[in-house]
Amino acid sequence: MGYENALVPRRHLNGGSSLKSFKHRLFCIHRHLVILSVANLSFEGINTSAPKIFPVFIAKTFHSTRGNKWKVAADGRGSVARKWIGFAVQEQSNPFYMAGVLLTDVKAPTDTIYFIFNPDLGMCAVLIPLGNCRFRAYFIYPKTVGYRLQGDSMLRLFTSESPKVYPPLAEYYAEAKSIGPLASFDASDSWVEHPYRDGVVLVGDAAATTDPTFGQGLSLALRDARTLRDELSKDSDWAAAASRYADQRRVYFRTWHTVEAWLRTLFQDPSPEAAALRAKAMPLIAQDPTRVPDHIHSGLDLPLNEQVRARMFGEY
Ligand SMILES: Cc1cc2nc3c(=O)[nH]c(=O)nc-3n(C[C@H](O)[C@H](O)[C@H](O)COP(=O)(O)OP(=O)(O)OC[C@H]3O[C@@H](n4cnc5c(N)ncnc54)[C@H](O)[C@@H]3O)c2cc1C
């Protein structure tokens with residue numbers, strides 16, 4: 001499919017939709033504050049007996065008024081905490097890298113976000129204007145291409161490869177300069193089935209890392225905070241509350257993991273089998289974009305069943 005036939009040329013989000021931006025470090029702090037404020041726990045600061053076990057800042061010890069003692073670990077995708085505690089980690093290898101860089105001197109419209117898939121190549125390009133002449137740019141590409149975009153010296157490769165997805169990017173990037181590091185990440189998923197054990201709760205990427213192409217990681221992390229807070233607020237038995245959090249986490253993570261796989265097949269998989277699925281599905285989606293389930297924007301409580309799948313793939 002050429003770029004001129006792209007399925008969804010432009011989408012205007014309504015007022016209820018939120019774009020996801022994130023400040024990682026601040027978020028870690030806020031999450032703890034949310035849990036604390038609503039569950040009415042007493043927070044005793046960083047547990048000075050813990051640093052040998054948990055690095056400062058990523059795992060905090062909470063003490064309830066009833067004597068429970070308990071840790072929340074939020075140390076991200078390479079979580080050391082989950083290794084130390086011995087959580088079993090499941091992994092699914094996804095065949096893509098996602099490279100990202102902050103750019104300036106991009107000659108692109110400043111009122112448009114570009115999020116464009118080229119499934120024939122298994123590539124995706126994203127360009128997001130941030131204001132003040134800054135643009136966040138991403139390029140998602142198959143691991144089989146033979147390069148790994150890392151470091152400033154590879155910026156030219158980033159800007160010359162991205163237009164394969166959408167040729168106007170060549171002009172937009174002609175004079176682009178990086179104002180942040182160029183780095184790429186493995187887009188694979190990894191997760192812990194039950195992210196609570198022995199007084200330790202995992203939240204955010206420490207509990208599960210999802211394919212960053214679809215930008216759901218922060219939403220999942222925030223939902224973790226809310227779910228954990230709600231369960232803690234209900235029950236003075238923290239182990240039971242944490243276990244209920246972990247049960248719910250498994251369900252909503254599974255929902256996203258399933259939808260993510262469908263989206264990857266439809267929009268990123270260059271195999272002949274996926275191309276055949278697209279040939280059937282895309283004309284129907286073009287007529288009615290609601291065939292693509294909207295869990296990305298509307299949340300993981302939307303229905304997920306065989307009917308949703310079949311409708312997306314144009315089987316009826
Ligand atoms: C390229 C890319 C693009 C993404 N785009 C989006 C998007 O658009 N929308 C979205 O929702 N999500 C996106 N994500 C995912 C999102 O970044 C994560 O899901 C989210 O940051 C998870 O938050 P967290 O607090 O669990 O982990 P993190 O944000 O990774 O925070 C963990 C923190 O722990 C610290 N830490 C780790 N180990 C130690 C240690 N040993 N000692 C001290 N500190 C430590 C880290 O420095 C970090 O500050 C993207 C991810 C990638 C890789």
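**Strand pairs and a buried alanine**

Colleague: How many bridges join strand 5 to strand 8?
Modeller: Strand 5 covers residues 96-104 and strand 8 covers residues 134-142. Strands are DSSP runs of E, at least two residues, numbered from the N terminus. Two strands pair if DSSP finds at least two bridges between them. These two run antiparallel, and the bridges joining them number nine.

Colleague: What should I know about the model, and what is its mean pLDDT?
Modeller: Residues are numbered from 1 along each chain as its sequence is written. This is a predicted model: local features need pLDDT of at least 70, side-chain atom pairs count only at pLDDT 80 or more, and totals for chains, interfaces and linings use all residues. pLDDT is the predictor's confidence in each residue, from 0 to 100. In this protein 78% of residues reach 70 or more, and the mean is 84.

Colleague: Which residue stands opposite Phe-135?
Modeller: Look at strand 7, residues 123-131, which runs antiparallel to strand 8. Seven bridges join the two. Opposite Phe-135 of strand 8 stands Pro-129.

Colleague: Which residue takes a positive phi in the hairpin of strand 7 and strand 8?
Modeller: Two residues lie between the strands of this hairpin. The one with a positive phi, near 50 degrees, is Asn-132.

Colleague: Is Ala-241 buried or exposed?
Modeller: Ala-241 is found in helix 6, residues 238-267 (helices are DSSP runs of H or I, at least four residues). A residue is buried if 20 or more other C-beta atoms, placed from the backbone, lie within 10 Å of its own, exposed if 12 or fewer, and partly exposed in between. Ala-241 has 24 within 10 Å, so it is buried.
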